[in-house]
There are 2 protein chains.
Amino acid sequence: MLKVVQDTYRLPDYEIALWQTNLFKALPQDVSNSLLTSCKLLELPKNETLHLQHDTADWFYFILSGWVKVYRETQEGDEAVIELLGTGDFVGEFAFLEGGCYTSDAAAAEKTTLVKMPAFLLKEAATKSHATALALLSGFADKRQRQTQELEGLKLQNAPQRIGCYLLRQCGGKEMGKHRLNLPYGKSLIATQLGMKGETFSRALQKLKKATHVGVTGRKVQVPDICALAEFVCAGCSNEYPCKDVLLDPRQSA
Amino acid sequence: MLKVVQDTYRLPDYEIALWQTNLFKALPQDVSNSLLTSCKLLELPKNETLHLQHDTADWFYFILSGWVKVYRETQEGDEAVIELLGTGDFVGEFAFLEGGCYTSDAAAAEKTTLVKMPAFLLKEAATKSHATALALLSGFADKRQRQTQELEGLKLQNAPQRIGCYLLRQCGGKEMGKHRLNLPYGKSLIATQLGMKGETFSRALQKLKKATHVGVTGRKVQVPDICALAEFVCAGCSNEYPCKDVLLDPRQSA
């Protein structure tokens, strides 16, 4: 069960975070007021389910901290991560455009704090306010670009290149020399996100280490030569490092 | 080079097709008038390039007949098909939301006839007209659902299941018994679309035939038992046959 941590009419910290989003800036004042007076703060322990695929999409969420895994599951229990959303992302904000139901399952991938808001208010806002529709369009465009990039990677890159690409994107656009970084979450979640089984991931990581001398111990990563890693990774990609979307996305700069 | 077949101020046949789209229905009258007076009809032979990734997106297109392959290519010439668009689809209509450049290459996958229209008029329309923004949002939602379904397939289904899924989607929602269909384009394009090399595709097709007794000769396909095919395919998917989007998409009913 979701645990309601706080239920109040003034949530200053969350308001600040919400007002930094393009979506909130574009909302008509009466809608943002309604959302702020009806929102609830939720704290989800790791692995707690937020919603299931095909559930009626009564709520959308804003992530204050942590990670939400949006995924689909076969009857046999195999899991495909569709997207992994972090601080500053919305969850389920497009469901009202997709038949009014969630199109995937969602669960906390780490301990996660979210703001929960009624979806019907967002739907109303999109219908009433041109600025809201434009903000949603811009959000859709960002998501589509990320998905297109992922589709390309799945079709063109081999497994070591996909892991290398993931690490490279965590380098936040740094172009030369060595770089140290901390993985934002565990390796098993990264493997699922990249569409690999555990053993495939381990083998591919070994190949990547051999080819580029990248070091990975727990969540600590050492990239001895960003150029060499980029050369290895981008041979299987239509873009060149640094990718434009990484430079524009503050969440990628570890 | 693109061949301009006709350049006229009245294009009745194309108008009829354009007016059937949600996007055109939502355009302010002055914008639809401007689009219809400035549009050009293009006929592209197979494999002719329409635009390249990173080109300035001066034009968007509407497909009257044929297939357009939207794809990305590595420097080494490997190709990832991002989407395959057919009759009634727009091409490049979202580029103005994605930095004003095309995010992928596009080429005619078969002989294709298109209407070519200035992209700045669409951008203006989205900015001026709430209804246009909502129509674009709805179009984005459809594309996102297709991409999400494809991402899921790439991560969860094995190669024979992916080919089977492709064939099943061509059955247009028919639930029982046997079904004959014609592939809309050649097997090598289907292989690229599914992210497989030619030899992987051939091996996977053999496995699919063995498991489900599907027959494929040239472009002719015989499915002796739709239920058996669905059972084989949908074991690797979160959805059940018939998929909702197939039932809603007239292009899927062969």
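Start by selecting the hairpin made by β11(B) and β12(B), where two residues lie between the strands and B:Gly218 takes a positive phi near 60°. What you are looking at is a predicted model, in which local features need pLDDT of at least 70 and side-chain atom pairs count only at pLDDT 80 or more, while totals for chains, interfaces and linings use all residues; side-chain values use heavy atoms, with hydrogens and water left out. To find your way, note that residues are numbered from 1 along each chain as its sequence is written, and that chains are lettered from A and ligands numbered from 1 in the order in which they are written. Helices (H or I, at least four residues) and strands (E, at least two) are DSSP runs, numbered from the N terminus.

**Stop 1: the sheet around the hairpin**

Three bridges pair β11(B) with β12(B) in the antiparallel sense; two strands pair if DSSP finds at least two bridges between them. Find B:Gly215 and look across to B:Gln222 in β12(B), which stands opposite.

How many bridges pair β10(B) with strand β12 (residues 220-223) of chain B? There are four, again in the antiparallel sense. Opposite B:Gln222 in β12(B) you will find B:Arg180, and opposite B:Val221 there is B:Leu181.

Seen together, the strands form an open sheet of three in the order β10-β12-β11 (chain B), with antiparallel pairing. Its edge strands, β10 (179-182) and β11 (215-217) of chain B, each pair on one side only. From one strand to the next, the twist averages 15°; axes here are lines fitted to C-alpha atoms, for helices over the stretch in contact, and angles run from 0 to 180 degrees between N-to-C directions.

Before moving on, colour the side chains of β12(B): B:Val221 and B:Val223 lie on its covered face, and B:Lys220 and B:Gln222 on the uncovered one.

**Stop 2: a four-stranded sheet**

Stay in chain B and select the open sheet of four strands with the order β3-β8-β5-β6 and antiparallel pairing. At its edges stand β3 (49-51) and β6 (79-85) of chain B, each with a single partner strand, so one side of each has no neighbour in the sheet. Here the twist averages 30° from one strand to the next.

Inside this sheet, strand β5 (residues 68-73) and strand β8 (residues 105-108) of chain B pair in the antiparallel sense over four bridges. B:Val70 stands opposite B:Ala106 in β8(B). Then show chain A as well: α5(A) packs on the sheet, touching β5 and β6 of chain B, and its direction makes about 130° with that of β6(B).

**Stop 3: a hairpin in chain A**

Select strand β5 (residues 68-73) of chain A, which six bridges join to β6(A) in an antiparallel run. A:Arg72 stands opposite A:Ala80 in β6(A). The two strands form a hairpin with five residues between them, and A:Gly77 in the turn has a positive phi of about 90°.

Why is strand β6 (residues 79-85) of chain A largely enclosed by the rest of the structure? Because six of its seven residues are buried, where buried means under 20% relative accessible area, exposed over 50%, and partly exposed in between (1.4 Å probe, protein chains only).

**Stop 4: where the chains meet**

Next, pick A:Phe140 in helix α5 (residues 130-156) of chain A. Is A:Phe140 buried or exposed? It is buried, with a relative accessible area of 1%. Among the residues A:Phe140 touches are A:Phe94, A:Leu97, B:Leu137 and B:Phe140; contact means heavy atoms within 4.5 Å.

Zoom out to both chains: 51 residues of chain A are in contact with 51 residues of chain B. About 4,300 Å² is buried between chain A and chain B, with carbon and sulfur atoms giving 59%; buried area is the accessible area (1.4 Å probe) that two parts lose on being put together, summed over both.

**Last stop: the axis**

Chain A can be laid on chain B with an RMSD of 0.0 Å by a turn of 180° and a shift of 0.0 Å along the axis, superposing by least squares on the C-alpha atoms of residues with pLDDT of at least 70 in both. The two copies are thus related as by a two-fold rotation axis. To spot that axis, select A:His130, whose C-alpha comes closest to it among the residues of chain A, at 2.4 Å.

How values were computed: Lists of a residue's contacts leave out its neighbours within four places in sequence.
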